[in-house]
Number of protein chains: 2
Amino acid sequence: MAQYMDVHHGMQGITADQLREAHQADLAIEKDEGVHFERAWADPESGVVYCLSEAPSAAAVQRIHERTGHKADEIHAVPLSV
Amino acid sequence: MAQYMDVHHGMQGITADQLREAHQADLAIEKDEGVHFERAWADPESGVVYCLSEAPSAAAVQRIHERTGHKADEIHAVPLSV
């Protein structure tokens, strides 16, 4: 298991409810891939969303995001953190 | 005060020690601008570093990062989070 930060672009105007619903949709199926989505942050103005997860691989993170309808534009392993 | 996510590119090969030292340098002077750097995550392979902070403005975040020698490439307010 490792930590991943994934990034979504083009989410201009996202609301608090939409972010929470998207996160809940991921949480509902994340176990299928052994992923856990920990946090997410959104900037409705620039349309960028960051999701922090623990997962066995970037591909596992992407499979969950694809099934819930919000494929990530970038996924980075972040093995270092403070 | 609001939350900000800032992003640094070109940090390929960054080590755990370097990330910790950079974060400590920011913490040492952050009060000058009323900023608090909460977390940072790094991907040594793609060279991307994400920093999460609480701050009065993006400019305040950037002034701290500039003084410690690692100007951010992007700074996004992230008013929404889960």
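User: Which side chain does the side chain of Glu33(B) make a polar contact with?

Analyst: A polar contact is a pair of N or O atoms within 3.5 Å; within protein, one must be able to donate a hydrogen and the other to accept it, and residues adjacent in sequence count only if both atoms are side-chain atoms. Here the side chain of Glu33(B) makes one with the side chain of Arg63(B), at 2.9 Å. This is a predicted model, in which local features need pLDDT of at least 70, side-chain atom pairs count only at pLDDT 80 or more, and totals for chains, interfaces and linings use all residues. Residues are numbered from 1 along each chain as its sequence is written, chains are lettered from A and ligands numbered from 1 in the order in which they are written, and side-chain values use heavy atoms, with hydrogens and water left out.

User: Where is Glu33(B), and what is it in contact with?

Analyst: Helices (H or I, at least four residues) and strands (E, at least two) are DSSP runs, numbered from the N terminus. Glu33(B) is placed in the loop between α1 (16-29) and β2 of chain B. Contact means heavy atoms within 4.5 Å. Apart from neighbours within four places in sequence, Glu33(B) is in contact with Pro56(B), Ala60(B), Arg63(B) and Ile64(B).

User: How do I read the strand order of a sheet?

Analyst: Strands of a sheet pair through backbone hydrogen bonds, either parallel or antiparallel. Two strands count as paired if DSSP finds at least two bridges between them. In this model, five strands form an open sheet in the order β4(A)-β1(A)-β3(A)-β2(A)-β5(B), with antiparallel pairing. β4 of chain A and β5 (80-81) of chain B stand at the edges with a single partner strand each, so one side of each is left without a neighbour in the sheet.

User: How many bridges join the strands of that sheet?

Analyst: β1(A) and β3(A) pair over seven bridges, and Tyr4(A) stands opposite Ser53(A) in β3(A). Seven bridges also join β2(A) to β3(A), where Trp41(A) stands opposite Tyr50(A). β2(A) and β3(A) form a hairpin with four residues between them, and Gly47(A) in the turn has a positive phi of about 80°.

User: How is the size of an interface described?

Analyst: The size of an interface is often given as the accessible area lost when the parts come together. Buried area is the accessible area (1.4 Å probe) that two parts lose on being put together, summed over both. Between chain A and chain B it is about 2100 Å², of which carbon and sulfur atoms give 70%. Trp41(A), Leu80(A) and Val82(A) supply 35% of the area that chain A buries against chain B, more than any other three residues. The contact takes 28 residues from chain A and 28 residues from chain B. Ten residue pairs are in polar contact across the interface, both residues at pLDDT 80 or more.

User: Which element gives the most to the side of chain A that touches chain B?

Analyst: β2(A) does, with six residues.

User: How do I read an aromatic pair?

Analyst: A pair of aromatic rings is described by the distance of the centres and the angle of the planes. Rings of Phe, Tyr and Trp (its six-membered ring) pair if their centres lie within 6.5 Å; planes under 30 degrees apart count as stacked, over 60 as edge-to-face and the rest as tilted. The count comes to two aromatic pairs over all chains. Trp41(A) and Trp41(B) form a tilted pair, 5.7 Å centre to centre with 55° between the planes. This pair crosses between chains, from strand β2 of chain A to strand β2 of chain B.
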